[in-house]
Amino acid sequence: MHVKDVVAERFKTLCDERHIKINELANLSGVTPSTAYSMMDPHRRDVSIVTIKKFCDGLDITLG
């Protein structure tokens, strides 16, 4: 499993815990829904630390 996959899985878990969809995470984070869905796509290998930080900010959690 790649780091990107672990990060995506963690965000999926956080969304499930908060009862929100990936689209709502995108809205909370100020990114486009396509960016959020792209990160969750298992065929994509790239993930930006800037996007991860925006997701963390949207969920009001730290990057750590």
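Is F55 buried or exposed? I started my notebook with this one, and F55 turns out to be buried, its relative accessible area being 0%. A reminder to myself: I am looking at a predicted model.

**Entry: aromatic rings**

Next I looked for ring partners. A pair of aromatic rings is described by the distance of the centres and the angle of the planes. My count came to one aromatic pair. F11 and F55 make up this pair, with 5.2 Å from centre to centre and 70° between the planes. I filed the arrangement as edge-to-face because the angle is over 60 degrees.

F11 belongs to helix α1, which covers residues 3–18, while F55 belongs to helix α4, residues 49–58. The pair therefore ties together parts that lie 44 residues apart in sequence.

**Entry: cysteines**

How many disulfides does a search of the whole structure find? I got zero. I took C15 and found that C15 is in no disulfide, the nearest cysteine sulfur being that of C56, 11 Å away.

C15 counts as buried at 1% relative accessibility. C56 is buried as well, with a relative accessible area of 4%.

Conventions:
Residues are numbered from 1 along each chain as its sequence is written. This is a predicted model: local features need pLDDT of at least 70, side-chain atom pairs count only at pLDDT 80 or more; totals for chains, interfaces and linings use all residues. Side-chain values use heavy atoms; hydrogens and water are left out. A disulfide is a pair of cysteine sulfur atoms within 2.5 Å. Buried means under 20% relative accessible area, exposed over 50%, partly exposed in between (1.4 Å probe, protein chains only). Rings of Phe, Tyr and Trp (its six-membered ring) pair if their centres lie within 6.5 Å; planes under 30 degrees apart count as stacked, over 60 as edge-to-face and the rest as tilted. Helices (H or I, at least four residues) and strands (E, at least two) are DSSP runs, numbered from the N terminus.
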